[in-house]
Amino acid sequence: MIGRQRWRDLLFLHWAVPPEVLRSLVPPRLSIDLYQGIAYAGIVAFDSTRLRPVGASERLGLDFPETNVRTYVRLEEGAPDPA
């Protein structure tokens, strides 16, 4: 589906995490991306509003809270792009 939405009230929280803790959660062909030797895990919380298919009226859109959990990785050199 191709659609439109707006994000409101974003909150970005990040924590330093030892890379070995994340290693078991990340596929082997991805390397943990480090910043000054430290890995990070984050939570992004926000309200998604007016979610609807392209061309539909904003009045028909859905509003709901959303939370994303993420870390930062790199694709190994020479590995094919998973997309």
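Helices (H or I, at least four residues) and strands (E, at least two) are DSSP runs, numbered from the N terminus. With that in hand, hello everyone, and let's start with Arg52, which lies in strand 3.

A word on what you are looking at. This is a predicted model, where local features need pLDDT of at least 70, side-chain atom pairs count only at pLDDT 80 or more, and totals for chains, interfaces and linings use all residues. Residues are numbered from 1 along each chain as its sequence is written, and side-chain values use heavy atoms, with hydrogens and water left out.

Back to Arg52. Is Arg52 buried or exposed? Arg52 counts as buried because its relative accessibility is 10%; buried means under 20% relative accessible area, exposed over 50%, and partly exposed in between, using a 1.4 Å probe and protein chains only. Its side chain reaches two backbone oxygens: that of Arg50 at 2.6 Å and that of Ala56 at 3.2 Å. Those are polar contacts, meaning a pair of N or O atoms within 3.5 Å; within protein, one must be able to donate a hydrogen and the other to accept it, and residues adjacent in sequence count only if both atoms are side-chain atoms. Not counting residues up to four places away in sequence, Arg52 also touches Gly3, Arg4, Ser57, Glu58 and Gly61, where contact means heavy atoms within 4.5 Å.

Thr49 lies in strand 3 too. Thr49 counts as buried, because its relative accessibility is 7%. If we leave aside neighbours within four places in sequence, Thr49 is in contact with Gln5, Arg6, Arg8, Leu62 and Asp63.

Three strands form an open sheet in the order 1-3-4, with antiparallel pairing; two strands pair if DSSP finds at least two bridges between them. Strand 1 (3-17) and strand 4 (62-71) are at the edges with a single partner strand each, so one side of each has no neighbour in the sheet. Strand 3, residues 39-53, pairs with strand 4 over nine bridges. Along that pairing, Ile43 stands opposite Val69, and Gly42 stands opposite Arg70. How many of the ten residues of strand 4 are buried? The count is zero, and strand 4 is hardly covered.

Next, the nonpolar core. Which residues make up the largest one? They are Val17, Leu22, Val26, Leu30, Ile32, Ala39 and Ala41, seven in all. Such a core is a set of buried Ala, Val, Leu, Ile, Met, Phe, Trp, Tyr and Cys residues joined through side-chain atoms within 4.5 Å. Strand 2 (30-32) and strand 3 each supply at least two residues of this core. Ile32 touches Pro19, Leu22, Arg23, Val26, Ala39 and Tyr72, again not counting residues up to four places away in sequence.

One last stop is Pro28, in the loop between helix 1 (19-23) and strand 2. Pro28 counts as exposed, because its relative accessibility is 71%. Leaving aside neighbours within four places in sequence, Pro28 is in contact with Arg23 and Glu76. Pro28 and Ala56 are 28 residues apart along the chain, and their C-alpha atoms are separated by 42 Å.
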